[in-house]
Amino acid sequence: MKSGNRWWLMILTGSIGWCTTVEGSESSVVIRPVAVVAPDGSICEQMAVVIHSDGTIAAVIPADQADPALTTVHAAAGSVLTPGLHDLFGALGCGQDALLAGTVLFDSQLDAAAAFDPTTGALDQAARHGVLYTTVAAVPSGIRNGSSATFLCKSAATAHTVAAGRPMYALADSVLQSSREPTSRSAMVSLWKDYIVEGAGKNRDPGILFCPDAIDFRQSLSLRWKSLPVLVHQGDARSPVERLAGKGALMVVGPFLENGNPAAVATAVRAARTGTELAFRGGLPAAPANHLRGSAAIAVAAGLDGDAARRALFSNPARVVVGEGIGVIEPGARADLVLFSADPIDPAARVLQVWRGGQQMGMKTNGSIRELGGIR
Amino acid sequence: MSRVSGSKEPMLPKRMLPKMMLTPRPMVSLVAALVLLFSAQVVPAGESKLALTGGTVMTVSGESIADGVVLIEDGIITAVGTAETEIPYDAMEVDCTGMILAPGFVDPHSSDGLDIPNENLPSAPFVDVFDALDPSRFFFEDSLRNGVTSIHVMQGNNCVVGGVSRIVHPIGLTPHEMSRQAGVALKLSTTPRRGYGRMRQLAELREVFEEYDRWRENLAESRYEQEADKEDDDDTDALPPEESRSQGQELIRDEDLDDQHRHLAHLIDGRLGAWIYCGSATDVAPALALVAERDWKDRAVLVLAGDAHLAIEEIKEAGIDVVLDSDLIHRKRDALTGDVEETFIPDVYRRAGVRFAIQPSRSGAMPERFIGYQAARLVRSGMAPAAALRIVTLGAAEICGIDDRYGSIEVGKIGNIVMWTGDPLDLNSWVQKVFVEGILAYDLEKDARLERLFPEEPEPVEAPAPLDDEGTSEEGEGAKPAEGTPEKTAGEASSEDGEPLEEKSSEKGEAPADKPADPPKESSAAGGE
Amino acid sequence: MIHRGRKRFCFAGARVNLGSGDDCTVWVFFEPIDRRKLPKMKCNRVFSRGVSKRSASQCGGGHLQPLPSGLTLLLASLTMLLVWGHPGTVEAQFFERALVLEGVHIPGPDGRVLEDSNIILRGGRIVELGPDSDAPMMSKKIKVKGLFATAGLTDLSSTLTLDDVRSSSAIHSAWDGFDRYDSQQILRTLASGVTRIHLIPMGPGGIVGRVSSLSLGSRDEGGYGILHSEDVALCIDLNSGTPLERIRTYEKVRGALKSAQNRRETVDDYTSDLEEYIEELVEAAKKKDEEKDEEKDEEKDEKKDEKKDEKEKDEKDKDEKDKDSKKEDGPKKPDRPERDPAAEILLQVLDHELPVMITARRSADLQNAIDLIEEFQLSAILRGADEAHLVLEELAELEKVSLLLEVPRPSLMRGAGPRRDPHLIAQLDEEGISWAVGSGGQSTSLWRSIQQLSGQLSTASPLPLALAQGAQGPFGGWLRRGATEVVLWEGNPAEDPLARPNRVIINGTVVWQRPSGTREGSF
């Protein structure tokens, strides 16, 4: 666990300013001493994170510099504080079939937010497993499938959006439908070529592109993008992920499940080796609640670098949806924090504590075993 | 059809005539056509003696004889030699000048002649393919057309224990007429039949034999008691069951075997062979274990398919013959790397020194059921042409255990001889005539079906003949483009294993005259190591 | 391989050349050792290596070779000497070149690490390990400096390469379903550090088949998989299907066990009847002999011809008489019971020779399983047992029951399956119910599962938990002398959660090695 020195020195300067101005604010909470996952995926030991009463992170400072007068949460030895996990393109918070879109080929009006039900109890449950954000998007049945929507995982009367919608595109077999054009791949690709010239190419936001199979991926790359979209790709051995090298690409991979397809994992690792940033795709609520970290563990076992895996869990999903103040622990970001008992990519790690917007969540499973012995 | 039958009726071979007389007129249509197709104008006199003269004789067992003579008496080859060989005065002489005489191909494993390849019952050792043989199948007709003269007809692979196989000639009106050897082998399978898993398949297979053992014990016991009752009670006392079981074993007579167990008993006492189907490598070990346990080593044959060649070490160690699937190339894609590994299966066995036979390509594929094509592929992969020819003739006969009568042109063997216009493994040569037991069973010029398929005269051959010019001289007219498939064959071949073809075209420096020797020995068709 | 005779001790595995050119490892089995009786200790069996009960019969004479008695004696005395010298040693592979793993670190049960140690293997087994072990002359060295060596992991619940879920009878054995040549899947499993698996047959519910245990070492003939035992347990699935189907399944299983009980009575009756019958036969034979003697005395004086004729007549009469008498009072042969191999296996279960492994996850199914266990006094392993916390008291009352847990996959869906109490294991420990962990499917997830579980237990390291899985076996557990399976890790698996296996060595062969360079992403 190397420390992201440069990162915390940088934020330290910002934090010190805060220390001098707001010092002594009684409503602030400091978590310390704790290891913190930096935006670059590394883990910085012996830090303190100060949460402002307005629900943002006020400062990230070395543990010994924190003001002892502040309300302090003492983190257990070895525990690691991370941003919230992010369930990308699952169906968390949506009813069954709520994300099925119509047969419109270019649907720019569709907003996945309409399918989201903030009162779903599963949101709080997911939060207990450390999943604090959910991004939903329509099933990619057209070339343009409206826009994504990203919410905080909190069961409440109103939805709490944490990122603006991004246009969702698809170049995949799921676009081919018998009820409308295109019905063949060649027709789809030619429609795409036209669209790149007139539509998506002109948009400032290249959006997020579903291209699950190797052939989708190859054809996607052959289009003339002004700037490359985020690629959502499963992949197998034939995916030419090496072609992304040097393009600063961002790719959503997975979800990787036990008994899943090893070729997809190997492809993701291959992509990461050539410099592509990864984000793990989610699959809640159908998948096991801890499967995001499971994906990370599987990818690490397949050779993915630990830092890259942590980035794929925390900061990169936020980049995928262009969320503001999410996915990173730095001053000014949302205080959506998860305290793990160990490195989050260690399968042994479990969630000790969760803060959403600076508010600590009641953890049912936090009591001692003896106490719980009676609970059936 | 009537035209054909009208013209040929007087020339029926004698052994078929009585049957024709008995056939009621209304039933004739298909049967008559078939009969006439196979019938020909041979042997008006001295019907039992046939001399094939002037052709090149590829004996397979020994050296080829240019301008050789083959003498067949009563269906058996009585002399093979050079032009000096004495020909009896009363022998019917067939001039084979310019032709090549080769032993008929032996199809080592086929269920094509049956109405259905397998019973619904998983374990049916009591059935015999005899009851399902359908002489009117085009398969048999095609076999002759492709130069196959003996077929080991066996139940399909979709079984636990299948029925008993037999050797048939692809000619005859009834199963009786076709059959040449009954009771060759029993089909077993260690690969799960449809709807089964491996555990169930193997458990049931073991169960068949364990049940048999128990049945035989009980039979022995009751036999002993019968004898004890019959004989002088002073000598044979009632014994404890265990002893009477062991003593009674010898008292079991053939008539004591019931239908359910008869063939199993024959399998175990050595009268039947065990042909075990292994559809993948992991199925080989249980098959070999069964062979070792029951001591069938000298009469077991593995019928292989899929990736069974991966178990080559085990097969080699066991020293058991194998029959390969018609699909000669195995392709496996590595899920992780995406690499496709191709293996030319026969090469694996050739290198390991395991004796193998090959099956004709599957029906539905072009050129269908053409075992010569399969053999030609062996040559392309680097096998010597003579060795490849041996595999589809004598080699297959050895594996079927019929090499004492079939597979080569030797004195004492059955006169199943095919007259080719060229090298039997050259895809441009075709079958001109087929003699089965010394009787003309097929003649291209009288092939009614081909005549209908290709009613027009063949195009004249312009270029100098590729192999030998004799082939085009006399037989030029008639239904020339035998099968009409050579071109397609070439197309198929190139798609099947493209590399050797490419190599051929790229390495033009080599003389194209000697085709069989052309492909380089280390052909890439053999696939990766 | 350990022979099934439980009370025998295996003492030596020596590689001997039998003179015929093929050498084999010979195991000598002794009766239980008692130092006072040592002179009486006798060689019980000689087996060649790797031959189990069934494979011995399968391989025919090839492997199982009776040794000349002189050689056996010599061997026995030789090994006795060895045993005397090193009471703990099991090894006596003299004639094979040693394999040395140089410079490895060996984590121990106490948390300490033996740094820079050598591991010396002979005949596939570890004969020495530790920092002081020196490589013998002429040994083959593998440079693995800096890697961490542990024993291989054991997956107690695996379906590796079993692609069919159609097993449905006690005579079905999971070993039959194992695909030796599915190298892709097997290598992936080895790459996760698992070297030994218990194959669990899958089926539609009811009695499913028998569990086999095997090592994933490479076979001499090609492919992978060395069978340890085909009869680890009989698998009963009470978990599949709708609730109604599950009730029927339970009744079916119960019926099968009942009829097996009945069968035992029939078989016992038959055995005793048979003994009686044989005794009667012996008596009858005696009587006959006496009669014969008398007859002979009477007939001695008469002429031959007459004698013959008369005798024939007599005999005919006698025959008839005899037949009648036989029917009336002669010894009656008891009817032999029909063959029923499945029932025979159930009888083994009822006799505690073969444990049952009952798959049950929901509390209702667990209750059914408990009822079965109580009714038939089974020694049982409960597989799954997710809702065991609901039947904890009943479980605690049972003897001879252990649980085989899988790692829970918590779901956010309501009613998605059995609910697993996160503190189940602590409760089990409190009640003194023994438990173990299996992957429940593809064994590649075992190490991660155990790591996950160790996190829930707040144990310092997952390694002791992982190695405990194999501890029931002869050479499971921590790396020690006699072990045949070694996993070399890139980091210390006791501490580094991201440690990955680098090499796997089984029976002295490197069966898997992490590919180097660009292809490293393969597994």
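**Entry 1, chains A and C.** I began with the interface of chain A and chain C, where the buried area is about 3000 Å², with carbon and sulfur atoms giving 56% of it; buried area here is the accessible area, taken with a 1.4 Å probe, that two parts lose on being put together, summed over both. I note that this is a predicted model, in which local features need pLDDT of at least 70, side-chain atom pairs count only at pLDDT 80 or more, and totals for chains, interfaces and linings use all residues. Residues are numbered from 1 along each chain as its sequence is written, chains are lettered from A and ligands numbered from 1 in the order in which they are written, and side-chain values use heavy atoms, with hydrogens and water left out.

I found 37 residues from chain A and 34 residues from chain C in the contact, contact meaning heavy atoms within 4.5 Å. I then looked up salt bridges (a side-chain nitrogen of Lys or Arg within 4 Å of a carboxyl oxygen of Asp or Glu), and the rule gives one across the interface of chain A and chain C. A:Glu258 pairs with C:Arg448 in a salt bridge whose closest N and O atoms are 2.8 Å apart.

**Entry 2, chains B and C.** For chain B and chain C I recorded a buried area of about 3700 Å², 49% of it from carbon and sulfur atoms, with 45 residues from chain B and 44 residues from chain C taking part in the contact. Helices (H or I, at least four residues) and strands (E, at least two) are DSSP runs, numbered from the N terminus.

I looked up H12 (residues 371–380) and H13 (residues 385–400) of chain B, whose axes come within 9 Å and cross at roughly 145°; the axes are lines fitted to C-alpha atoms over the stretch in contact, and angles run from 0 to 180 degrees between N-to-C directions. The contact is made by B:Ile371, B:Ala375, B:Leu378 and B:Val379 of H12(B), together with B:Pro385, B:Ala388, B:Ile391 and B:Val392 of H13(B).

I noted a cis peptide bond from A:Gly254 to A:Pro255, with omega near 0°, and placed A:Pro255 in the loop between strand S15 (250–253) and helix H5 (262–273) of chain A. A:Asn259 lies in the loop between S15 and H5 of chain A and has a positive phi of about 70° although it is not a glycine. Another cis peptide bond joins A:Leu284 and A:Pro285, omega being about 0°, and A:Pro285 lies in the loop between strand S16 (277–280) and helix H6 (291–301) of chain A.

The mean pLDDT of chain A is 86, and 88% of its residues reach 70 or more, pLDDT being the predictor's confidence in each residue, from 0 to 100. Over residues 16–24 of chain A I saw pLDDT stay under 50, with 10 contacts beyond four places in sequence.
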